[in-house]
Amino acid sequence: IPGVIIAIIQFAFDNIGTLFIGQAGAVYQAAVGCSSSIIGFGIGGLIHLANGGGLAIAIAKGKGDEEEQRKIIRSSIAFSFTLGPIISVLGFFLAEPILHILDTPADCMQWAVLYLRIYFLCAPARLVGNFAMAISRGMGYSNKPLRYMFVAGLSKIIITFVGVVLLKWHVVAIALSTIVADSVVAIWGLIDLKKGFGKVKWR
């Protein structure tokens with residue numbers, strides 16, 4: 001149940017920008033909208049990758065193998081630190097070509113490209129954060145990811161409101177709010193992994 005709640009919260013906060021961007025203008029709303037499928041494929045898939053780490057550590061915990069649990073945590077973090085930047089770089093350089101392939105309207109093309117290039121900077125933090133949450137759930141600490149998501153979600157709402165409504169940063173504000181929210185989850189998650197779960201910790 002906590003996993004389902006987390007997924008719903010994450011989906012809601014990922015799309016919270018659409019509530020504000022519509023007030024900025026149709027062209028900005030279109031830029032965010034036409035980018036959603038690319039984000040879903042490039043960033044959304046990271047959630048499912050992380051769930052594999054949660055499943056692996058749950059199996060190791062069931063066996064009572066603490067050394068295996070430590071190895072899974074180290075491997076998950078190393079994988080995140082390696083794959084996350086690669087996805088960011090690919091997203092930056094492939095954003096415009098993919099948008100052209102998808103026949104994105106010319107009037108919102110520049111804003112869609114800008115939005116995606118900034119948004120994909122969240123890939124490292126998104127991957128680290130989701131691995132941290134998956135590992136916490138696998139270890140039986142489902143309440144921690146809920147706290148991560150609530151705090152990150154509130155920060156995203158505040159940044160989006162200030163950036164879009166007050167500062168008129170439009171798509172930039174929405175992308176930056178995602179980076180900040182994901183960074184909150186990643187840093188908090190790494191701190192908890194450092195503290196550990198009993199004798200099992202990231203070191």
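**Exercise 1.** State which residue follows α6 and what its phi is.

Solution. D103 follows α6, and its phi is positive, near 60°. Helices here are DSSP runs (H or I, at least four residues), numbered from the N terminus. The model is predicted, so local features need pLDDT of at least 70 and side-chain atom pairs pLDDT 80 or more, while totals for chains, interfaces and linings use all residues. Residues are numbered from 1 along each chain as its sequence is written, and side-chain values use heavy atoms, without hydrogens and water.

**Exercise 2.** Find which residue caps the N-terminal end of α6, and where the helix bends.

Solution. Start at the N-terminal end: D65 is the cap, with a side-chain oxygen 3.3 Å from the backbone nitrogen of E67. Next, follow α6 through residues 66–101: at L94 the helix bends by about 50°. The bend is the angle between axes fitted to the seven residues ending there and the seven starting there. Finally, look past L94: a proline, P97, follows within four residues.

**Exercise 3.** Work out which residues join α2 to α3, and of what classes they are.

Solution. First take the helices: α2 covers residues 17–24 and α3 residues 26–33. Then list the contacts (heavy atoms within 4.5 Å): T18, I21, G22 and A24 of α2 meet Y28, Q29 and V32 of α3. Last, sort them: four are nonpolar, three polar and none charged. Nonpolar means Ala, Val, Leu, Ile, Met, Phe, Trp, Tyr, Cys and Pro; charged means Asp, Glu, Lys and Arg; the others, Gly among them, are polar.

Key. Axes fitted to C-alpha atoms, helices over the stretch in contact; angles between N-to-C directions. Helix = DSSP H or I, 4+ residues; strand = E, 2+ residues; numbered from the N terminus. Polar contact = N/O pair within 3.5 Å; in protein donor to acceptor, adjacent residues only side chain to side chain.
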